[in-house]
Amino acid sequence: MKIGIVCYPTYGGSGVVATELGKALADRGHKVHFITYRQPFRLDSFHENLFYHEVASSNYPLFEYPPYETALAGKIVDVARFEGLDLLHVHYAIPHAAAAYMAKQILASQGHHLPVVTTLHGTDITLVGRDESFEPVVTFSINQSDGVTSVSEWLKQETYAHFRVTREINVIPNFIDFSRFKKLNKEHFRKAIAPNGEKILIHTSNFRKVKRVNDVVLVFDQIRKVIPAKLLLIGDGPERQGAERLCRELGTCDSISFLGKQEAVEELLAVSDLFFMPSDSESFGLAALEAMACQVPVISTDTGGLPEINLHGVTGFLAPVGDIDAMARYSLQLLRDDEMLKRFRAAAYEQALRFKIENVLPQYEALYRKVAGVEVEV
Ligand code: GMT
């Protein structure tokens, strides 16, 4: 099939999922056209079936806000007509589903049919989409999509609870590419980070408020008072400065490394003993799944879709949002018992296997076939 993909190209789960999905579809022989305002950051190598179309938004002085949605709709029309797209798949509803609807109507007026699939990822439903000024557009454009997917059962239920969505929502979970996320032998890294055999704890995120990075620092403070440990903080964002300040106040900076944005996260996960995801809200928690694929158990909150991937007492532990003491207690329970840690590592890996890309890709292909009425060539 010829598939158009619209997503955010920056660091962030929805863009990562969209890009990895596009790459996997291209490997399966589909022609995939990315339509975004910048080259998606994981679209980093040549593939004969992958194409990139940049949306250039005009910055005419009249505009206080450049009309990106209009430029995106225009670009979708152009690509759909001239590349002969069979289907458009938009990731993150705002404003992509509305732009897709506009493009679809323009194409219909020219005699072209463009089926649209919308994937709901998280804050498009749980936060931003609920804003009064967005809600009618979000509801309408989801209902106008030919296929709708959400990345967890929880997000599906949230969508029905807070929007008047009448469309069937298919839960297609996020996935893992095991050729990249696997346990690597990086013992030299471990020695460099933890020369005295300290346990290595890790958190990766975009350091937005919702990620509660300060909670990671506070949990770590309790842990390192009991056992020797190091903390790796990967990523960057608005909360980083506050987290740095907190570790200075606590006097834990010597044991914490702020490593900023890292491409090869899997190399750091390979030497880690425990992953933290203390988020306020998380529709899925892709970063936790990536850790589990690398055999790292997860201490997370029990919010959103997290219980669908992190199994309490099996692949890690779940605690209420903000319950620092519980998270520290669970972490110590695991880190002080080598047998238990080994068991949890194996279970985390087993659970991650359920989300391997080979299991998930056919679900998208089946949906594409259904909405476009086109047989997939294998
Ligand atoms: O919804 C967001 O905050 C943005 C989005 C992103 O692009 O990072 O994150 C969401 O989508 C990811 C991929 O499906 C999920 O793994 C994240 O859980 C989800 N973030 C939230 O729900 C906060």
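**Pockets, domains and a salt bridge**

Visitor: Which residues lie nearest the centre of the second largest pocket?

Guide: This is a predicted model, where local features need pLDDT of at least 70, side-chain atom pairs count only at pLDDT 80 or more, and totals for chains, interfaces and linings use all residues. Residues are numbered from 1 along each chain as its sequence is written, and side-chain values use heavy atoms, with hydrogens and water left out. A pocket is an open set of points, on a 1 Å grid over the protein atoms alone, with protein on both sides within 12 Å along at least five of seven lines; its lining residues have an atom within 4 Å of a point. For the second largest pocket there are 17 lining residues, and nearest its centre lie Lys23, Ala24, Asp27, Asp177 and Ile357.

Visitor: What is the volume of the second largest pocket?

Guide: A volume is the space filled by probe spheres set on the grid points, which are joined across faces, edges and corners. For the second largest pocket this comes to about 250 Å³.

Visitor: Which helix gives the most to the lining of the second largest pocket?

Guide: Helices are DSSP runs (H or I, at least four residues) and strands likewise (E, at least two), numbered from the N terminus. Helix H1 (13–27) and helix H15 (357–372) each supply at least two lining residues. With 4 residues, the most comes from H1.

Visitor: How do the residues of that lining divide?

Guide: Ala, Val, Leu, Ile, Met, Phe, Trp, Tyr, Cys and Pro count as nonpolar, Asp, Glu, Lys and Arg as charged, and the others, Gly among them, as polar. By that scheme the lining of the second largest pocket has 7 nonpolar, 3 polar and 7 charged.

Visitor: How much space lies in the largest cavity?

Guide: A cavity is a set of grid points where a 1.4 Å probe fits but cannot get out. The count is 1 cavity of 30 Å³ or more. The space in the largest cavity is about 40 Å³.

Visitor: Which helix gives the most to the lining of the largest cavity?

Guide: The lining consists of Ala97, Ala100, Tyr101, Lys104, Val116, Ser141, Gln144 and Ser145. At least two residues each come from helix H3 (93–109) and helix H5 (135–144). The most, 4 residues, comes from H3.

Visitor: With which residue does Lys104 form a salt bridge?

Guide: A salt bridge is a side-chain nitrogen of Lys or Arg within 4 Å of a carboxyl oxygen of Asp or Glu, and the structure holds 19 of them. For Lys104, the closest N and O atoms are 2.7 Å apart and the partner is Asp146. Lys104 is in helix H3, and 42 residues away, in the loop between H5 and strand S6 (147–150), is Asp146.

Visitor: Which two residues are joined by a cis peptide bond?

Guide: One of the two, Pro95, is found in helix H3. Omega is about -10° for the bond between Ile94 and Pro95.

Visitor: How much area do domain 1 and domain 2 bury between them?

Guide: An automatic or database assignment sets the domain bounds, giving domain 1 (2–174 + 357–372) and domain 2 (187–353). Counting heavy atoms within 4.5 Å as contact, 17 residues of domain 1 touch 13 residues of domain 2. Buried area is the accessible area (1.4 Å probe) that two parts lose on being put together, summed over both. With 56% of it on carbon and sulfur atoms, the value here is about 1100 Å².
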